[in-house]
Amino acid sequence: MTPDEENEEVEMVEIFVMGKRYNVPKGLTIMTALEYAGYKFTRGCGCRGGFCGACSTVFRTEDEYKLRMDLACQTAVEDGMFLVQLPFMPAVREDYDIEEVDPEEHDNVLLDYYPEVARCVSCNTCTKACPQDIEVMDYVQAALRGDVERTAELSFDCIQCGLCSIRCPADIKHYHMAQMARRIHAKYNQPSSDELAKRVEEIEKGVYEEEMEKLVNMEKEALKKRYDERDIKEEG
Amino acid sequence: MMKGHLYYPGCTLKTKASDYETSAMKVMERLGEPLVEMDDWYCCGAVQSLAEDDIMHQIAPIRTMCCAQEQGEDEIVTLCDMCYNVLRQANDRMKEKEDDLETMNEFLDEDPDYKGGVEVYHLFHVLQDLEDEIKDAVTNPLEDLVVAPYYGCMLLRPDNVAIDETEDPEIMEDLLGLLGVKVLENPKRTECCGSYHTVNRSDIVEKRVEDIVSNASKEGAEAIVLSCPLCQFNLDFHQRATGFDIPVFYVTELMALAFGLDIEMKNHKIDPRTLLKEKGILE
């Protein structure tokens, strides 16, 4: 850092965490701003890359009447932001045996396990809550008409944060239901992969154990070099 | 404008009433007026909310109106009587009550406003105007078959959404006449089948079904014809408890048979094939 940069004044914004005021540098994500303010995450923080869905945040700014929702690791703090973390959703997840949920054997397998899907009034609140910009209401509607494939495809980017379900006036468990749809779709509609079965067998036989051991014991710099120089083979 | 009709299926047509959808698709294709499914649509809500101040339950049907509007169309056609009734009532309310439309559009918020320019029709409305085309399409008149038409509630009540005279409808009789079948006068054709009591009060539904079916049987009906998936389920499924076994057809199934089109008939509890073979309609 040059002396000039060091002396440059950092612009601060005012945020309210669970009602308590903090001044934090502008440009931080909500997650780093919380850490700057002295909070330490033991839960509700995972990948820090917007993939794991563990850091749901609810917030609004001073001049807004609407609540907004997003991931703390992906959203920058704004001046006058009121916020709280929701690290866990206690929504019910139904148990099922994947061998017993063949969509051909049920009128509507998703509705059998998640009947509250039928309570959807199309308010679209779920879609507005989704940090992944998934068309959540549309996949709930697809589930309602028994379309497992469309439910699976529309919900593909779901990271299971649960914000949809916490906002739903019909108490639908969108993300658990959609995960079930994706599993059913993979099991019953998608072609199975022979390569995967072969690879699992190799792993179980311990074919890669020696190689893995080498990697684990490598120095960090050597490992980086090895990663950068790795040979990427074309498919096929 | 598209060729054919913008079609709103509703959830049941994709599951328990798939026979109705597939036969209607084939029939309308043959008549040169294909049904084209909407790009997007939502569950109608399945029950019309009667509460004056309940806008929440009008959102689902109005979203579907918005879908039609955004597709640049001003008409949708439904097959399901329940969907027709719910969509039509919600849509009429928005057309008639400016305040409700304003409240709705404020709620819809980021989505485009509904402008109130879409009309809801039932398949019967469309078929009514296709008399000549239907006559021309009939290759296997079902001359030997005696049928009792059944309307139930949703096509006729309340009277502001009725597709025909509430107490004395003829729209289905007129249509069936074109297929060559013998159409019975069915005085019970506008009675309720028991509707959603099927969920937890099957005793009520069984009583209703027995009343409707025993009358039709007394008149000599060999089949009952209707267009509502819930009526079809109740009259078909609950007949077992009443001791009758009269097949219950969707009107488009009989049309398909009269047009010589192949249909599956896989939703039926009382297998209609025995009757159709007896009558020489199926081999």
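How many residues of chain B are in contact with chain A? In this predicted model, 12 residues of chain B are in contact with 11 residues of chain A, where contact means that the C-beta atoms, placed from the backbone, lie within 7 Å. Residues are numbered from 1 along each chain as its sequence is written, and chains are lettered from A and ligands numbered from 1 in the order in which they are written. Local features need pLDDT of at least 70 and side-chain atom pairs count only at pLDDT 80 or more, while totals for chains, interfaces and linings use all residues.

**Chain B against chain A**

- The side of chain B that touches chain A holds six nonpolar, three polar and three charged residues. Here Ala, Val, Leu, Ile, Met, Phe, Trp, Tyr, Cys and Pro count as nonpolar, Asp, Glu, Lys and Arg as charged, and the others, Gly among them, as polar.

**Domains of chain A**

- Chain A is assigned domain 1 (11-86) and domain 2 (98-189); such bounds come from an automatic or database domain assignment.
- The centres of domain 1 and domain 2 of chain A, taken over C-alpha atoms, are 28 Å apart.
- Nine residues of domain 1 of chain A are in contact with eight residues of domain 2 of chain A.
- On the domain 1 side of this contact in chain A, strand β4 (residues 68-71) gives the largest share, three residues. Strands (E, at least two residues) and helices (H or I, at least four) are DSSP runs, numbered from the N terminus.
- That side of domain 1 of chain A has five nonpolar, three polar and one charged residues.

**Sheet in chain B**

- Four strands of chain B form an open sheet in the order β2-β1-β3-β4, with parallel pairing; strands pair if DSSP finds at least two bridges between them.
- β2 (35-37) and β4 (119-122) of chain B are at the edges with a single partner strand each, so one side of each has no neighbour in the sheet.
- β1 (residues 5-8) of chain B pairs with β2(B) in the parallel sense over three bridges, and B:Leu6 has B:Val36 in β2(B) as its bridge partner.

**Helix pair in chain B**

- Helix α1 (residues 18-30) and helix α10 (residues 251-258) of chain B pack at about 45°, with axes 8 Å apart. Axes are lines fitted to C-alpha atoms, for helices over the stretch in contact, and angles run from 0 to 180 degrees between N-to-C directions.
- α1(B) and α10(B) are therefore oblique to each other, a class left over after under 35 degrees (roughly parallel), over 145 (roughly antiparallel) and 65 to 115 (roughly perpendicular).
- Residues of α1(B) including B:Asp19, B:Tyr20 and B:Lys26 meet B:Thr252, B:Glu253, B:Met255 and B:Ala256 in α10(B).
- The residues of this contact of α1(B) with α10(B) are five nonpolar, two polar and three charged.

Note on methods. Two residues are in contact if their C-beta atoms, placed from the backbone, lie within 7 Å.
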